[in-house]
Each structure stands twice: as structure tokens, then as C-alpha cells.
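Subject: Structure handover

Hi,

Here is the structure for you to look over. Please open it next to the notes below.

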Amino acid sequence: MRDDLWADILQDVSTASTSRDKKVLLVLGDQCIGKSTVISRLRGTADSGAVTKPGIGLEYSFVDIRDQFSEDIVSRLGIWTVHSDKPSLTHTLKDISCVDSVWNAMVLIVVDYSQPWTLHERLQFWVEKLDKHIQSLKIEASEYRDLCGKLSKSLQEYALPGTESNKEVLLPLSEGVLDDNLGIPIAVVCTKVDAMGVLEKDMDYTDSHFDLIQWHLRKFCLKYGAGLFYLNGKESHNADVLYKYIVHKMYGAPLTTAPSVVDKDCLMVPAGWDTLQKISILNDTLRGFNLDEDLYNVLTKPLSRRVGDSSREVKAEDDQAFLTRMQSLLQNQRPTPTRSSSRPVLAPQGSRAALPTSGSGATPGTGAAGAAASEKDGVLANFFNSLLNNNNSRRAPASGTPGGGGGGTTTAARPSATPATAPATTRTPTTPSKPAK
């Protein structure tokens, strides 16, 4: 009898521990976008000022679910996180879930709000991966219909805090709600929402741009029956709301937080509340945008750099090689004639040294410009030579010897190195003549 009692106790403990680890939360998202921070806040171990280390590859953690009143641990929620979109990691989804766990699973798709032009594309990527994973489980058609029916019923039973829904008479879903039913509850979490200030300052984003982003996100979540949450890196208010929403979806606890779509940086839209009519309220501020276009084609993006510019290594030239190259360039470069070198040089007074003419010596310049410059210099040289010749002919003594006939040629005397001493002359005073009577 005693042995049977211990066997019953051990069986109850084993069943309880098995049921604890039965719930699974699958977190999907690109690398380094804040998934580890989200999980730390769900666990209550994150500090607003601390830097969370990014995860690598496939990571497992858990969250203890406590009773709302007694704070006792009632279950343990296992968390599997895929930290990259590489095929080698996305293929591991088949190893962390099975057909039985699908009934007790929920998915968080984390995206980076600091790059809003990529939001829709990344969400579509991860939803397609999730859909392929569910199809690979080869769930029977009847069981899959039950999964989809369970998710649809949870949206129909949603009621605002303080109100009760009539679970006996469920209204059909509105138009556009849960058009693609994957059978698993989904929540979209946008991290780094505090980057709105940077987008406003650097890329001139306005409230209309943020309304456009909200419009596209809510339309996407409406299609897959997903909830939508905005999280930032400074405040953890919405992280607490996200924790309560996960407990509500996976354990059936009542959700006491009302939806919030007024604060642009603290959005909270639970699945089952939103409709196309509520989303259309944003249309008045979106008249300048084409709502059929994807966010990537509408939103302003930073200027992309050419591929390879950041990785190209720039090497400085050796000093000696640079100086040698500069020396060879200076030696091969011909001196440029200056204006002072083309001026005619005046000969000393008393000398008849010929000045250069247009036909003598090298002329500066080449081509038409050089010919014009040399002709001008030749005219100036002839002019100054004629002035010197006239001056010298006036001051020079008569040519020839005394008593002899003229006919000798006058030659210009070469200036001596030492100046000649002028002969001394005496001046004889002259008596002025009397005027004639």
C-alpha cells in the first residue's frame, strides 16, 4: 500500500513537470535587432541601462509563469530563438517542434523599426518560413482544421477589458481578418521604436510617415490574425503588456490592458480587436501616399554606399618614393618664361651695344601666342635702339684725324672696367660786348 502511494506521488510530479515544459514560444527575427532584449524583459531580468549580449544561432531559454495573486510558479514557458535568417538555422525549426507542440505554441516575429522600409519584406519572409515549417510537420487535414478553428475562435471571443463576450453566440470575423490562417497565434514585435526621433531629424519623417508604417503593419497583422506591439530600448511598459498578452493567448488568462493606437511610439493592438474600418481612420492623413506601394518604394532610405568602398584598403606612398618622383617631375619640367625676362635690357649710356631684335635670340612662347609676343618685343627693342643711336650720334666727336678728310666709320667704344678720369678744364671769363649804338 505504501509503495502504491509513492508511485502515485511520483507519477503526479512527473505529469506536472511534463505539463510545465509543454508550452513553447518561438521567436523569429534577423540578427542584432533586439530579440535578446525582448526575452530578457519577458523574464524580468533586463535592466534599462544595461547592454544585452546578442544571441548566436539557435538559443533556448525559459520564463517562469507565476500566478497573478499568489506569485507561485504555475508553469514554465520554453523559448526557442532563431537569431538569423540563414538557411542552416531556419532548417532547425523541424528539430525544436513537433505535431504535439503545435497545439501549445506561439510565435513572435521581431522586426527592426529603425529601418522601416524593410518591415513588410522581413515580415513576409518570416511568415513564409513559418508556413513552410508547419507544412513540413505533415499534420493531418482534420487536425489542421481544428488548429485553424481554435485560432479563429480565439479572435471571435476577444472582448475589451471590463466587458464580456458571448461565447455561446460568436459573430463571424470581419472582412480582411485572418485571411491566411496558419493555425498558430502570432505577435509582431517592433523593436527600436525610439529611433523615430532620428528618422525625423535625419530623413525628414513626419507623423504622416509613421501613420503610413502603422497602416501597413496593422493590415499585415489583420491578415494573419496577429497582435502588434511597439517596444523601445528605454522604457519597458509595453514589455510588461507583451508578457500579459502571451499569458493570455497561451494560458487563457484575462487580458486587462486596452488597445492603444494613439501614442505613435507605444502601440498595442491585440488580435481580434482591429478591423479594416478602424484602420481606415488613418487614410485621412495618408492622401499624399500610394497605399498600394510597398514601404520599400515609398519611404526615404539612406544613401547607399558603393560595394567595396568600406573594405578597400588605402596605402600611403613611401616618403622617399614620393620625393624621388617629385624631383624627376621638377627636372623634366621646363622653366616658364616670366614677363621680366622678355623686357629689353638698356645698354649703359655712351655705349652702342645692340639690343636684341625680333630676329635674334630665342623668343618665348610657341605657336601663335609666341609669335605675337616676339613681334611685340622686337618692335620695342628697335624703338629703344633708335633712341640710343640718336643720343650717341649727338654726343660723339667728329670722326677722322686732324687735317685729314672725313670718311671714317664711328665705332662704339667698349666700356672699361674702371671709369676714365675726365680731363681738367679751365674756364676763361669773357667780357660781355657792348651793344652797338
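The notes start with the ground rules and then turn to the fold.

This is a predicted model: local features need pLDDT of at least 70, side-chain atom pairs count only at pLDDT 80 or more, and totals for chains, interfaces and linings use all residues. Residues are numbered from 1 along each chain as its sequence is written, and side-chain values use heavy atoms, with hydrogens and water left out.

Overall: the protein has 437 residues, and 33% of them are buried (under 20% relative accessible area, 1.4 Å probe, protein chains only). Its accessible surface is about 28800 Å² (Shrake-Rupley method, 1.4 Å probe). Carbon and sulfur atoms hold 53% of that surface. Among contacts (heavy atoms within 4.5 Å) with a separation of 6 or more, 73% link residues 24 or more positions apart.

Fold: there are 13 helices and seven strands (DSSP runs, H or I of at least four residues for helices, E of at least two for strands, numbered from the N terminus). The seven strands make an open, mixed sheet, ordered β2-β3-β1-β4-β5-β6-β7. Pairing takes at least two DSSP bridges between two strands.

α5 (residues 119-136) lies across β1, β3, β4 and β5, at about 155° to β4. Angles run from 0 to 180 degrees between N-to-C directions, with axes fitted to C-alpha atoms, for helices over the stretch in contact.

Best wishes

Methods: Buried means under 20% relative accessible area, exposed over 50%, partly exposed in between (1.4 Å probe, protein chains only).
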